[in-house]
Structures are given as C-alpha cells and as structure tokens.
Amino acid sequence: MKKLFTILLIFFSIIAFAQSDSIAYSHEYEFSEGVFLTVSQLLQNNPIPKAYIVSNIPKTQPDFLKQVMEQQYFMFKDSAGKEQKLETSTIWGYCQNRSVYINFNKEFNRLVVIGTLCYFTARVVTNIGFHDPMGYNSMNNTSDELRQFVFNTRTNKVLDFDANNMEMLLKNDGVLYNKFTALKKREKPDAIFVYLRKYNENHPLYLPAK
C-alpha cells in the first residue's frame, strides 16, 4: 500500500508540474502577435514575430499581417538569420490585434470561438454549371455563401459545423454525448452552439502560461 501511495504521489506531482507551465484558455488569454506556420506553433503560442518577417509593407501598418498574408509568398528570417520563403497558402494562420485567423480555402478567417473546438465562418465558392445536351446552351455560374465550420485542435481537422459532426465530436464525452443524442432531431441544430461551449468547458484548451 505504501509503495502504491508513493507511485500515485509521483504521478500526480508530474501532472501538477506539467500543468504549472500551462493554463486553460479564457477570453483574457493573449496570443502573441505574429504568424503561425503550423497548428503546433499556435498551441505553443510561439509565432514568427513581426520583427522576423521580411516584407516591403511598413510594419507600422495596423493591418500589417493581414497585408502580408494577402501576398503569394511569405518570407521571414529563421533563428540562424537565414531568409526563408514559403507559399502563403501553406501557412496555418496568424494573430493580429488579439484575434487569431485560420487559413481555410486559401483565405484567412477569424476564430470566433477559441477552445479545444474552435468555431469560425468562411466564404465558400462553388461552381454551378449547366450543360445543354443538344449543345445550344451552356452556363457557368458560381455560388458564394457564408458557412459555419468547427476546427478540432486535437486532430487539426476542419469540419462543417452541423448536428451530425457535433454528435461525432462529443463521442469522447459520454455525458454530453448521451444528452445530445437524446435530443429530438429538430432540436439538435439549435443546440450545437450550447454543446460546443459545454465541451470546451469540460475539455479546456491548455496553452503556455505567460
């Protein structure tokens, strides 16, 4: 019994030490301003700061990072002082004026809700084509709509924010999952925001403490 107690004491001490360097995300948390090449840099709150970005755009511009992300290429100096060049379409996102933006469909969209599950809206353009089998008429139009998405920080995947995906995301929380699946079908679409918030409360996103 004494040996078991010692093992448990060491185990919980390790957990406490690991969590002492991190805090659960809240609205008061401030991400460092800069560019996140990957989601790992976001979760480590370790972006490439403006001082390391190579650009002709004045860094005094309040929307400097937004303008940089509108360019085809992103250039910066690495830790060795060597210039690196990447296609902007490969960048995960950036933080500017305390807001975090995620790269989705080659556009950067603000994360409206930040947590283990993040929520954002994005413009989606789809082609609508009509072809006359007789060959007389054809038409090519595009449909532009604003849609809702959820970003799972644990899997680095973006999903449509709908009842089916919310139910799938809740599977690792038995209590919330059972409550959600017990709802009537027509009630689920209206409940997804509530359950997104509850999930993030039960499963906080831990980030480096300042």
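Me: Which residue of β7 does Cys95 stand opposite?
Reply: Cys95 stands opposite Val100 in β7. This is a predicted model, where local features need pLDDT of at least 70 and side-chain atom pairs count only at pLDDT 80 or more, while totals for chains, interfaces and linings use all residues. Residues are numbered from 1 along each chain as its sequence is written, and side-chain values use heavy atoms, with hydrogens and water left out.

Me: What makes β6 and β7 a pair?
Reply: Strands (DSSP runs of E, at least two residues, numbered from the N terminus) pair if DSSP finds at least two bridges between them. Strand β6 (residues 93-96) and β7 have four bridges, in the antiparallel sense, so they pass that cut-off.

Me: How do you know that β7 and β8 are joined too?
Reply: Four bridges link β7 to β8 (residues 107-110), again antiparallel. For one of the partners, look at Tyr101, which is bridged to Arg110 in β8. The two strands form a hairpin with two residues between them.

Me: What makes the phi of Asn105 worth a look?
Reply: Phi is near 55 degrees at Asn105, a positive value in a residue other than glycine. Most residues other than glycine have a negative phi. Lys106 also has a positive phi, of about 65 degrees, and is not a glycine either.

Me: Why are β2 and β8 called edge strands?
Reply: The open sheet runs β2-β6-β7-β8, with antiparallel pairing. Each of β2 (34-36) and β8 pairs on one side only. On average, neighbouring strands in this sheet are turned by 30 degrees against each other, direction ignored.

Me: What makes β3 and β5 the edges of the three-stranded sheet?
Reply: That open sheet has the order β3-β4-β5, paired antiparallel. β3 (53-54) and β5 (83-87) each have a single partner strand, so one side of each has no neighbour in the sheet. Two bridges join β3 to β4 (residues 73-77), and Ile53 has Phe76 of β4 as its bridge partner.

Me: Which residues make the contact between α5 and α6?
Reply: Contact means heavy atoms within 4.5 Å. From α5 come Leu176, Lys179, Phe180 and Thr181, while α6 brings residues including Ile192, Tyr195 and Tyr199. They divide into six nonpolar, two polar and three charged (Ala, Val, Leu, Ile, Met, Phe, Trp, Tyr, Cys and Pro are nonpolar, Asp, Glu, Lys and Arg charged, the others, Gly among them, polar).

Me: What lines the largest pocket?
Reply: A pocket is an open set of points on a 1 Å grid where a 1.4 Å probe fits, with protein on both sides within 12 Å along at least five of seven lines, and lining residues have an atom within 4 Å of a point. The largest pocket has 23 lining residues, with Tyr25, His27, Val113, Ile114 and Gly115 nearest its centre. α6 gives the most, five residues. The lining has twelve nonpolar, six polar and five charged residues.

How values were computed: Axes are lines fitted to C-alpha atoms, for helices over the stretch in contact, and angles run from 0 to 180 degrees between N-to-C directions.
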